Amino acid sequence: MENIGVYCQVLELVWYAIVPLRKFLAFGVVFSVLFQEGFRYIIYRILRRTEQGLQVVAEDTRVIENKHILAYVSGFGFGIISAMFALVNVLADMWGPATIGLKSGSEVFFLVSSAQALSICLLHTFWSVIFYNAFDTNNYMHIAYVIITHMVVSLTTLLNAQELYSASLIINYCLTVASAILAFHVSGGTKRSLKRFFICQ
């Protein structure tokens, strides 16, 4: 737990040391991704340290035996929180006093924002499954994949300022599908299990 405290202090020092860059949105996006991935790692460490205690109190041992369940649940929580943060300002703008799209801006802005919130919710779920498995198996390529794709998805949202909605959505959903396939693979999914799922066996 000492390493976690040091990590948080380093991030805090960097944030306050680079005051001039805070006004640039791209810097805030990059720093936000680093914060989120840092806290994803902290949650991973906490869950792995508390596994023995969970075995004592859990009635259903499948939660402990299948480590991907905890990754899925924590990732889904990350995703819901991230989607809520992404939509809170959009919903505040929608409330009034005017409506976006009447004189300037696009009328599809709300629809695009909702689609991106769905994408980021799913991505956080998949990223956590991949990330936790990567640390369990020392697969540094998958750790890098999670961080890089998170950075790409977050930075592509900056295209929305130029109303390049289709570009950002295509990139986001391509990465969502790729991450879903990778998460399915690392959690032990096979073509046979997928077929059995679809035919309800």
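**Exercise 1. The pair α6 and α8**

Determine how the axes of α6 and α8 are arranged in this predicted model, and classify the residues of their contact.

*Solution.* 
Step 1. The axes of α6 and α8 cross at roughly 25° and come within 9 Å.
Step 2. Angles under 35 degrees count as roughly parallel, and α6 is therefore roughly parallel to α8.
Step 3. The crossing of this pair, α6 and α8, is left-handed.
Step 4. Sorted by class, the contact of α6 with α8 holds 18 nonpolar residues, seven polar residues and no charged ones.

**Exercise 2. The pair α6 and α7**

State the angle at which α6 and α7 pack, and identify the residues through which they meet.

*Solution.* 
Step 1. The packing angle of α6 and α7 is about 160°, and their axes are 8 Å apart.
Step 2. Angles over 145 degrees count as roughly antiparallel, so α6 and α7 are roughly antiparallel to each other.
Step 3. α6 passes α7 in a left-handed crossing.
Step 4. From α6, the residues are Ile120, Leu123, His124, Trp127, Ile130, Phe131, Ala134 and Phe135. They meet His142, Ile143, Tyr145, Val146, Thr149, His150 and Val153 of α7.
Step 5. The contact of α6 with α7 comprises 11 nonpolar and four polar residues, with no charged residues.

**Exercise 3. The pair α7 and α8**

Carry out the analysis for helix α7 (residues 140–156) and helix α8 (residues 165–186).

*Solution.* 
Step 1. The axes of α7 and α8 lie 10 Å apart, and the helices pack at an angle of about 160°.
Step 2. α7 and α8 are therefore roughly antiparallel to each other.
Step 3. The crossing in which α7 passes α8 is left-handed.
Step 4. On the α7 side, the contact is made by His142, Tyr145, Thr149, Val152, Val153 and Thr156. The α8 side contributes Ser168, Ile171, Asn172, Leu175, Ala178, Ser179, Leu182 and Val186.
Step 5. Eight residues of the contact of α7 with α8 are nonpolar, six are polar and none is charged.

**Exercise 4. The largest nonpolar core**

Which residues of the largest nonpolar core touch the most other members, and which element gives the most to this core?

*Solution.* 
Step 1. The largest nonpolar core has 23 residues, of which Trp127, Ile130, Tyr132 and Val153 touch the most other members.
Step 2. Two or more residues come from each of α2 (25–49), α5 (67–95), α6, α7 and α8.
Step 3. With 11 residues, α6 gives the most to this core.
Step 4. Val153 can be examined individually. Not counting residues up to four places away in sequence, Val153 touches Ile120, Leu123, Trp127, Asn172 and Leu175.

**Exercise 5. A backbone exception**

What is the phi of Asn138, and where is Asn138 placed?

*Solution.* 
Step 1. Most residues other than glycine have a negative phi.
Step 2. Asn138 has a positive phi of about 55° although it is not a glycine.
Step 3. Asn138 is located in the loop between α6 and α7.
Step 4. Exposed means over 50% relative accessible area, so Asn138, at 51%, counts as exposed.

**Exercise 6. The whole chain**

How many helices and strands does the protein have, and what percentage of its residues counts as buried?

*Solution.* 
Step 1. The protein has nine helices and zero strands.
Step 2. Of its 201 residues, 33% count as buried.
Step 3. Among contacts between residues at least 6 apart in sequence, 72% join residues at least 24 apart.

Notes: Residues numbered from 1 in each chain as written. Predicted model: local features only at pLDDT ≥ 70, side-chain atom pairs only at ≥ 80, totals over all residues. Heavy atoms only, no water. Axes fitted to C-alpha atoms, helices over the stretch in contact; angles between N-to-C directions. Helix = DSSP H or I, 4+ residues; strand = E, 2+ residues; numbered from the N terminus. Parallel < 35°, antiparallel > 145°, perpendicular 65-115°, else oblique. Left-handed = near helix turned anticlockwise from the far one by under 90°. Contact = heavy atoms within 4.5 Å. Nonpolar A, V, L, I, M, F, W, Y, C, P; charged D, E, K, R; others polar. Core = buried A, V, L, I, M, F, W, Y, C linked by side-chain atoms within 4.5 Å. Buried < 20%, exposed > 50% of the residue type's maximum accessible area, 1.4 Å probe, protein only.
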